[in-house]
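Thank you all for coming.

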Amino acid sequence: MIKNYLKVALRNLWKSRGFTAINITGLAVGLCGCLLIVLYVRDELSYDKHYTYADRIYRLDADIYFNNTLFNSATSPKPMAPQLVKDYPQVVQMTRISYFNSPTDIMIKKGNSWVQDHHLAFADSTFFKVFTLPMIAGDPNTALDEPHSIVIDESAARRYFNSTDVVGKTLELEDRTICKITGVMRDMPRQSSFHFSFIRPLHDSWSGDDQQWINNSAQSYILVRPGTDRGSLQKDVDATTDNYVSRALEAQLHITTQGMKQQGGHIRYHLMPLTDIHLHSNKSYEFEANGNSSYIYVFSFIAVLILIIACVNFMNLSTARSANRAKEVGIRKVAGSTRENLIFQFLTESMLLTFLSMLLALGFAVLVLPMFNTLSGKELHTTILFSPRFIALLAALVIIVGCLAGSYPAFYLSSFQPIKVLKGATSTGFKNSWLRSSLVVFQFFISIALIVGTLVIYRQLNYIRNREIGFDRDQVLVIHNTGSIGDGINTFRNELQQLSGVAGATLASDLPTQGSGYNQTGWSRTASIDAKSVVVVTDLEIDENYVPTLGMKVQKGRNFDPKHFGTDSLGVLVNEATVRLLGWKDPLTENLYNNFDNDGKPRPYHVVGVLRNFNYNSMHEKVGPVVLRLADRRQTMAVRLTPGDMYAKVGQIESKWKALFPGMPFSYTFMDNDFDKLYHAEARTGSVFITFAVFAILIACLGLFGLVTYAAEQRTREIGIRKVLGASTSGLMSLLSKDFLKLVLIASLIAFPVAWWAMNKWLESFAYRTGISWWIFLAAGLTAIGIALVTVSIQTLRAAVANPVKNLRSE
C-alpha cells in the first residue's frame, strides 16, 4: 500500500513539474534559511559549556550605585573569592584573573628580534582546577605554582618551537623576565567568553595589600558543590559583602553598606553563571565583547517565520490547484477510497516533496555557509549538518514540516463531495479563497517587517558613524605596545612631532575608541574624604598633547600647559558630565581631592578646563563623568596625520620606529577603524537581518509567482474572450495583477505598526539613537510592491500576449 502511495505521489509530482519545482525550491530556500539560523543559535548557546564543571562555576560581578553614579562590572575585590572558599563549605574552589593586565599583548624574543603576540593573562594557580582545559604537556595542578612560570597554548608552542614538547624551555619577555614553560594546553575553543594563549601566575602581577575590599581588580570565579542552590549562595555572598566590604568602607569612607542603602545607594556582588556570560553580560571589564540574548530570540523567531512562510507557500499552491485534483478525488471516492486513504495519499506527497526539499536545502546550506560565516563573524562548519544528532533533527523537521505543510491541503482536498466534483460544482480560482489571500498577506507582512528592520539597523549604524562624538577620529594613527618600550618612547613622540606629515602625537593610559576597561577612581569634593563627598568617575592619565591631537573641544578654561603653568601637575580637566554631576556653577574655581600617594594626605587638584562631552564608551551608554590628569603614561600612543598620502606618512613613522627600536615590531591601527569595531555586533546583525529578509522575500515571491501562474491558467478562456473583444495587453496585466497587489498593500499596512514597535524597542538599547522616519516605511512598502509587481508581471505578460485563438480552441 505504501509503495502504491509513493508511486502515485511521484506520478502526480512529475505531472505538475512546474508547480513541483516552485514548491520544492520555495520549501528548500525556507529550510536552508532555517538551518543556517539553527547553526547560528546553536553556536551562540554553546559558549563555555565545554568545561567539565561549567554548570557549577559562577563569576562575582560588582553592582555599585554611589552618589548618583552607577558602576556595573565583571570584577570584584581581590580577597572576596578566597574568603568565600574559607567561610562556606559549598564553595569548593576559586580562581582569579587580574583584569588590568589580562588579556594583554606580549612581546617575546625570538632569535635576535622581538615578536608581538597576544592574549597574555595572569591567573591563580587554581585556574586549571576550575577551568578544565586539556593539557598536552605539564601538570595542570602545579603548572602555575612557581614564580615566572608560564603555560602556553598549542599554537604558541608550534610558533616558537615547532613542537609541543616544550615543558622546561624558556621564553624571554619584554621586561627581560625569563619565564619557564611549565605546561602546554590545547587552544581554547572559539565558544569561550575569554581566550588566553599565555597564562602566568597571578603573584607575578599583583603586589601590595591583598585585603583591598573596595578595589575591584580581578575577575573572580568560584566553583560550588553539585546541587548548591544559587539563591542560598547569593545570600552567603551578600553576608560577606556586609561583613568585610562594609568594614573597609567604614574605615576609608566612614559609611557602612547599610548606611549606603539608607542614602539610596548600594554595593552588591551578584553571581553570574559562567554559561550565561556570553549572552547575558555586557558589563565593564569584560574580557571580550559578548553576544546578546535578544538577537537569539529574534533570529529564532525569524527562523520559525521563514519556515511558516515556506509551509504557507505549499498550502497556497496545493489548494489553488484544487480544481486539477478535484476530479481525481471524486473518481477515487466513487471507486471506494475513504477519506483517510486520500488524506494519507496527500500527506505522502507532502512528505516526499519535503524530503526532496530538505536534500536541496542541505546543498544550498553547504554552498552559502562560507558567505554566511563572513556576514555573521562565525566559523560554522558543514560537518555539523551531517552529524548523527543533526540528521535526527533533520528527519524530525521533515516529518513536522511535511505534516504542517500538507495537513490543510490533505484535509481540504479530501473533503470534496464526489457528486458535486463530477458535476463541476467545486469552486476554483484565486478570489474564491479568503484563506489563500490571508496567507499571501501573512507572507508579505513578514517580508516587509524584515525590510523595515534592516533599514532601521543600517540607519542607526550610519547615525553612529556620523554623529558628533566629541573628538576627531579621522587621520589618527594608533600605535600599540608603547608601554613595553621604556623611556625611549618619549623621544620617539618628540621626534614624530618634528615630521611634516604629523600634526600631533600623544601618550596616554587610554584612548576613547577602546570601548571599555577604563580605570574607575573615587574623587572627593572636599579634603575630608567621606561617603557624601566621594564620586566614582572614569580616570584618564594623559599628556598635554592629548586634547589637541584628538581634536577635543575645551568649553571653558584651557588645556594642560605644564611649560607655562607649573601647577598643572596638580590640575585636572573634567568633562561636562562631571560638572553636571557635581552641580558646579563655576567649575574653574573648584577643586577635587585624591590621595594617589596613599600617605593619608588628600591633595587638591584644581580644575583648569572643561571639555565637551566625548564618547569613550559604546553609544549604548550615556557619556559619564570623566576626570583627566597629567601623568607619564605610555600604554598607548595616538598620532594625528596631516591630509595627504596616509601610507607614505605611516612608512615615515615606521622607519623612525625601527631606527630607534631595532628588533621591536611596529603595530598600528587607524582610530576610525577601531571606532567601527565597537559596533561590529550591530553591523553583523544588520547583515544577518538582510540575509534572512532576502530569504523571506524570495520565498514569498516564488509562492506569488506560482499563484499568479495558476490564476492565469484558470482564466485562460476569459483572457482569450477579452482579447478578441479588444482588451489591451496592459489592461489584461492590470486585471491579473491588481488582486495580488492589493494583498501586498494590506500586508504593508499591517506590517508597519508591528515593525515600528519592534525596532523602537531595539533602538531603546542605545543611549544615542536615530528616529524611525516615515520614508523607511514608504521605502519598505514600495520595495515589496515593486518586487511583487515584477514577479506578477512576468507571468501576467505571458498570459496577456498569448494567442487568443489558440487558447479558445484548446478550451
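This is a predicted model: local features need pLDDT of at least 70, side-chain atom pairs count only at pLDDT 80 or more; totals for chains, interfaces and linings use all residues.

Which side chain meets that of R629 in a salt bridge? It is the side chain of E541, with N to O at 3.1 Å, where a salt bridge is a side-chain nitrogen of Lys or Arg within 4 Å of a carboxyl oxygen of Asp or Glu. The pair links distant parts of the chain, since R629 belongs to strand β22 (residues 626-630) and E541 to strand β17 (residues 534-542), 88 residues apart; helices (H or I, at least four residues) and strands (E, at least two) are DSSP runs, numbered from the N terminus. R629 is buried at a relative accessible area of 11%, and E541 is buried at 10%, where buried means under 20% relative accessible area, exposed over 50% and partly exposed in between, with a 1.4 Å probe and protein chains only.

Residues are numbered from 1 along each chain as its sequence is written, and side-chain values use heavy atoms, with hydrogens and water left out.

The whole structure has 21 salt bridges. In another of them, D63 meets R268 at 3.5 Å, N to O, and this pair too links distant parts of the chain, with D63 in strand β1 (residues 57-66) and R268 in strand β13 (residues 266-273), 205 residues apart. Here D63 is buried at 11% relative accessibility, whereas R268 is partly exposed at 37%.

K658 and E654, by contrast, both lie in helix α18 (residues 646-660), four residues apart, about one turn of the helix, and their closest N and O atoms are 3.3 Å apart in a salt bridge.

Turning to the rings, there are 29 aromatic pairs in the structure, counted when rings of Phe, Tyr and Trp (its six-membered ring) have centres within 6.5 Å, with planes under 30 degrees apart called stacked, over 60 edge-to-face and the rest tilted. The centres of F127 and F196 are 6.4 Å apart and their planes stand at 50 degrees, so this pair is tilted. Both partners are buried, F127 at 0% relative accessibility and F196 at 1%. Ring pairs also join these two to Y51, F128, F131, F194, Y221 and F287 in a cluster.
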